Amino acid sequence: MEKMRMESVDMTAQNIDKIAALFPICITETMGENGKPKRAVNFELLKQMLSDEVIGGDEAYEFTWVGKKAAIVEANKPIRKTLRPCKEESVNWDSTENLYIEGDNLEVLKLLQESYLGKVKMIYIDPPYNTGKDSFIYPDNYMMDNESYEEGVGLFDEDDLRLFAENNDSNPRFHSDWCSMIYSRLTLARNLLSDNGVLLISIDDNEIENLRKISNEIFGEQNLVNCFIWNCSTAGGIRPKFASKTHEYILCYAKRKENLSMFFAPLSADAKKMYTQQDAKGLYRDKDFIFKNKSTNINQKYLIECPDGEMVRPKDGYIYRFIRERFDEALCDGMVTFKKTSTGPLVTESGEQAHWNIYIKKYLGDAMGAPSTLIPKEMMSIYNVGTQCVQTLFDDTRVFENVKPVDVITYLINMVADKDSIILDFFSGSATTAHAVMQLNAEAGGKRRFIMVQLPEPCDEKSEAYKTGYSTICEIGKERIRRAAKKIAEEYPSASFDGGFRVFKLDDSNMKDVYYSPAEYDQGMLSGLESNIKEDRTDLDLLFGCLLEWGLPLSERMTVFQIDGVDVHVYGMDAEEYRGCKDGMFFYEDNIQMIDNQLYTPPPPHTHTRVPLLACFADRVPESVIRGIAGMKPLCAVFRDSCFQDSPAKINVTEVFKLLAPDTRVKVI
């Protein structure tokens, strides 16, 4: 029984809880006055998390490496980049809710922080395993040259003499670069997960120990769900010198473990064989209602009346699975089976051997059960199957090696994600995760959406992929999604699934950089300063740049209509909804009454809903257009700064919105 505290709330403990919720990495342990360990805050690390510069001091006590603080700074550092839409490489641009993003995943994750903060249910990544054979393709800003590294790790004494032999620094440097690379990315990835979201990371023995320590810091050790083991190979081929490696790991962390519901995974064939009986509810097996347990809890040792009237109870050392109330409910629901026996764990009231045993029916149901950490071989294919799948899709051309099989990802999605989840993979590779999402939607229904992120790493010129015409991994990934969608549609002709994707490419900011001090400007520069937007940027570039800043997702429907011949971009609905007024757009009497040459009929006030964003990037925006946009009362409106001739024109815009849409947020770029 819980005792009353009889004292005021421990505010220090509450404050530590708040810090732990925001920065689990900063929570450590120290020894209390009673000699027992207690939670504490690593204030030096907390200061680093709140600083945009590397804070001096020794990096010690916690799991650390040279460059760790720089990796924290890098994760928190803002960037002047944007995502530019690429409609020509997309599939079903207007209707799809899937995304394929080309670019360094560290920078892409930074750009997605506002638009997808807390919205992603599942993140799966298959990062470089750091085998020593891979070319390291993530040269982040914090990666150090040899001189900086040697200074940080302490290879020289005060007289600039080397303290260690040359080969001693190869191994720690080898791991340090990888740790820094993954640390900053996981820090950003955690922010994107929903409160019941889950991260899954494939890894092998080279970095499993370091990855687990890093993940424990970022997510909190208490949020480790488990480490799953996948049988990835048959160990065929040349016999190794020591042992054949036939497995890899899949680390699983929750954003907040207390918010997770149960995990489910398909039962193996051996497990299904146990369900040999059937009734009106389906296949089932009998599960012992009595099991060994030395508990003396009388709530699980009550008397039960058997079909012939015999009263029975568990023998010493046994108890029932349920308390009386739950048993009575199961009995009423037809879930209890009595079977005659001359031996068993039940005795009569007088202590003699009972003539009955009791079982609970366990139904096969949808053939889903709790996943095993040692995943059955039949539930996940090996690497060869994944590689062969891609090879078949690409007309027997081996465009990618060591590909994860689709059923590996579908198994994980089934285990942790809902049918309408967003699933992110920021080491997309050949886009197996996208393939798996489409496959699962077609097979089992649902509207799962994917976000793939991949660095456009060049293909080796000697590779089959390059010879076939694919210059980067991104080209392979996008083409795989196209071909997989076509194949799935052929296999499931009646299925409804999203086989499209919007392509975005990481690029420099849409805005011009200013490198000159006021004294350096001259009259000849003025023509180039009429607009602060780069000349090669389209309205669509500017629109999606605004969405990222305003924290709006990149997958919503959109359309363009005209007011007085000026294009206005509508984010959040398509053209048909617009013409049909399904979302309750509202015009004032003095505004234009035509949309796409069709008469606009305002709906009743009670059907009115707000448009998320309207944008107009014309060089000059007449007042009639301003009033038309304001009259539609969007949540947000955005214009070019250069579209207004002077300050009075800007003031007039402000007054129009104050009158017609006082709570609309208006911005300029």
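This is a predicted model: local features need pLDDT of at least 70, side-chain atom pairs count only at pLDDT 80 or more; totals for chains, interfaces and linings use all residues.
I started with helix α15, residues 539-550: twelve residues, reaching 16 Å from first C-alpha to last, close to the 16 Å expected at 1.5 Å a residue. The expected span here is 1.5 Å times one less than the number of residues. Helices are DSSP runs of H or I with at least four residues, strands are E runs of at least two, and both are numbered from the N terminus.

Residues are numbered from 1 along each chain as its sequence is written, and side-chain values use heavy atoms, with hydrogens and water left out.

Next I checked burial (buried is under 20% relative accessible area, exposed over 50%, partly exposed in between, with a 1.4 Å probe and protein chains only). α15 is mostly covered, with ten of its twelve residues buried. Among them I noted D541, G545, C546 and W550. Just after α15, G551 takes a positive phi of about 75°.

I looked at α11 (residues 406-416) too: nine of its eleven residues are buried, so the rest of the structure largely encloses this helix. The buried ones include T410, Y411 and M415.

Then the rings. I paired Phe, Tyr and Trp (its six-membered ring) when centres lie within 6.5 Å, calling planes under 30 degrees apart stacked, over 60 edge-to-face and the rest tilted. That rule gives 19 aromatic pairs. Y302 and F327 have ring centres 6.3 Å apart and planes at 50°, so I logged the pair as tilted. The two sit 25 residues apart and link distant parts of the chain: Y302 is in the loop between β12 (290-292) and β13 (304-305), F327 in helix α9 (residues 324-332). Y302 is buried at 10% relative accessible area, and F327 is buried at 1%.

F639 and F644 have centres 5.8 Å apart and planes at 65°, so that pair is edge-to-face. Both of these Phe residues are buried.

Which residues share one aromatic cluster with Y302 and F327? I found F289, Y320 and F322 in there with them.

Last, charges over rings (NZ of Lys or CZ of Arg within 6 Å of the ring centre and within 35 degrees of the ring normal). The charged end of K339 sits over the ring of Y359, 5.0 Å from its centre. R483 lies over the face of F394, at 4.8 Å from the ring centre.
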